[in-house]
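Here is a short report on selected strands, a pocket and a helix. Keep the structure open while reading.

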Amino acid sequence: MTTTDSSKGSKSSNNDSNGTDYDVVVAGGGPVGLFLAGELRLGGAARVLVVERLAEPDETIKAGGINTAGGVALYRRGMLPDLAAAWERNRWRMRAFLGDRGPDAPRTPPKFAGHFAGIMMRGDLFDDSDPAFTDIGPADGVGLGIPQIELERILGARAERLGVEVRRGVELTGFDADEDGEGGENGEGGEGGVVVHLGDGARIRSGWLVGCDGGRSTVRKLAGFGFPGTEPEITGYQAVVEMTGGERLGKGWNTTDVGTYVNGPFPGRILTVEFDGPPADRSAPVTAEELQAALRRVSGVDEVTIHEVHSSTRFTDNARQADGYRRGRVLLAGDAAHVHSPFGGQGLNLGLGDAMNLGWKLAAVVRGDADESLLDSYTAERHPVGAWVLDWTRAQIAVMRPDRHARALRRVVTDLALTTTGTTYLVKQISGVWQRYELPGAHPLTGHSAPDLELSDGTRLGDHLHDGRAVLLDLADDPKLRARAEMYGDRVDVLTAACPGRPELTGLLVRPDGFVAWAAEGADGNGQGDDLDDALTRWFVAER
């Protein structure tokens, strides 16, 4: 029995017949928590509660966009129009990329290029004919330049439409759960439940608890997850300010003898990095004087003066990852599971990927359509992706250090980045298109994010994933293929269509998260019978 509690109250909601108030409680109402909650409802979890410590969404400047993998995930849930509208509202932020060319400037997002450790990549060197970018579809680049607060509003509205209950201004303070998920102390949690303790005195019985409560996660700490990693060596600031003397600052990313600073991409946005160790107190308010001193030290421009701070945050390069993403009935996602420096904009996208992977699996377990062992695949698939991101950010820190060895390495990396091969490699890594899960199957598409195939009926594959169900795509009009999915009922949608652009493909089984579980091509279907049956039984339970 693990008992973790700092509250004294004993209030509880009315119980459902299974002894719980909710199927799942999600701690944390940021983008990852809200997206996961929506995925749970879409997957059939009837009662989902999000508890969020903050009374209102956090307006602090954070992530400035989502990458290709993040955009594709949201596109597959029908949110492309929302993303496009958000991009249009924030179009002024993109002038550094588009150039201020008046009302006739392009109204579509620029081709994503990005940076590595502040080394900017040129879009004209990016080879988008690389096979990794084949059939990505209309989501490519649409999330670039959308602030995190905008995404949180989009996901919050979606969660509300799907029937998620969100309680703001309420903090999770503890919970009771057996290590094996058999319930709270004295049976409070019901069979296989968790008793969640809230700061307002309420006690809530839930089947499952997911910590999406950030890098200093209460859920992670109280559940006893290990959190190994590397110690921080930088202090960074990001802010939106009113300043004078800014015209003397270099635009974009700048490397100096002291560290790195950023000016832009919109007026007043600054970022500084100094290799002087972590801040003494990350939670202390950031003052204008503190920001001004850091900016002057790093830039060497003593004339710059900060008069007002609209939004600010400190950060470090603390890089840690939970030793697993599940303990009994408690799971982690997003920053609760992994923390790292913000360079390369990987954190938010990593968290969205966690939510997309976990949501349909946990919902299937909640519905009783899958055994709890299905959740083992969540850690098995997402933990390696998180480990890669941590190393990607560590590599950038190594290239950003101000010592002579690091500066020599930076010049080499810069030369490589300013080639077509180097730019394309870096964009593939940053965009997330490289991600692949180790799934059984010989076809090269298996384990990859599904290509967004253009179908003969005028739709795309992504259009058929909005409901969060798996899709068996019959591209050869094969009755035997379709028959194999009949016993899975509404767990697997069957779609028959031709794909003129990929005539070699005869079938695809696409999981609810958009990843390929099985693929076949050629007249013999590449042994489609046994392999398809194995994939169906691995991920889905036949109707009883």
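A pocket here is an open set of grid points where a 1.4 Å probe fits, with protein on both sides within 12 Å along at least five of seven lines. Its volume is the space filled by probe spheres set on the points. The model is predicted.

**The second largest pocket**

The second largest pocket has a volume of about 590 Å³. Its lining counts 29 residues. Closest to the centre are Val433, Gln435, His448, Ser449 and Ala450. Two elements give two or more residues to this lining: helix H2 (68-75) and helix H8 (347-367). H2 supplies the largest share, with 5 residues. Sorted by class, the lining of the second largest pocket holds 14 nonpolar, 10 polar and 5 charged residues.

Strand E22 spans residues 505-510 and is mostly covered. Of its 6 residues, 6 are buried, where buried means under 20% relative accessible area. E22 pairs with strand E20 (residues 470-474) and with strand E23 (residues 516-521).

| Strand pair | Sense | Bridges |
|---|---|---|
| E20 and E22 | antiparallel | 4 bridges |
| E22 and E23 | antiparallel | 5 bridges |
| E10 and E16 | antiparallel | 2 bridges |

Which residues stand opposite Leu508 of E22? In E23, Leu508 has Ala519 opposite. E22 and E23 also form a hairpin, with 5 residues between the strands. In that hairpin, Gly514 takes a positive phi near 90°.

In a regular strand the side chains alternate between the two faces of the sheet.

Strand E16 covers residues 319-321 and is joined to E10 by 2 bridges. Thr230 has Ala319 in E16 as its bridge partner.

Notes
Residues numbered from 1 in each chain as written. Predicted model: local features only at pLDDT ≥ 70, side-chain atom pairs only at ≥ 80, totals over all residues. Heavy atoms only, no water. Buried < 20%, exposed > 50% of the residue type's maximum accessible area, 1.4 Å probe, protein only. Pairing = 2+ DSSP bridges. 1 Å grid on protein atoms, 1.4 Å probe; cavity = no way out; pocket = protein on both sides within 12 Å on 5 of 7 lines; lining within 4 Å. Nonpolar A, V, L, I, M, F, W, Y, C, P; charged D, E, K, R; others polar.
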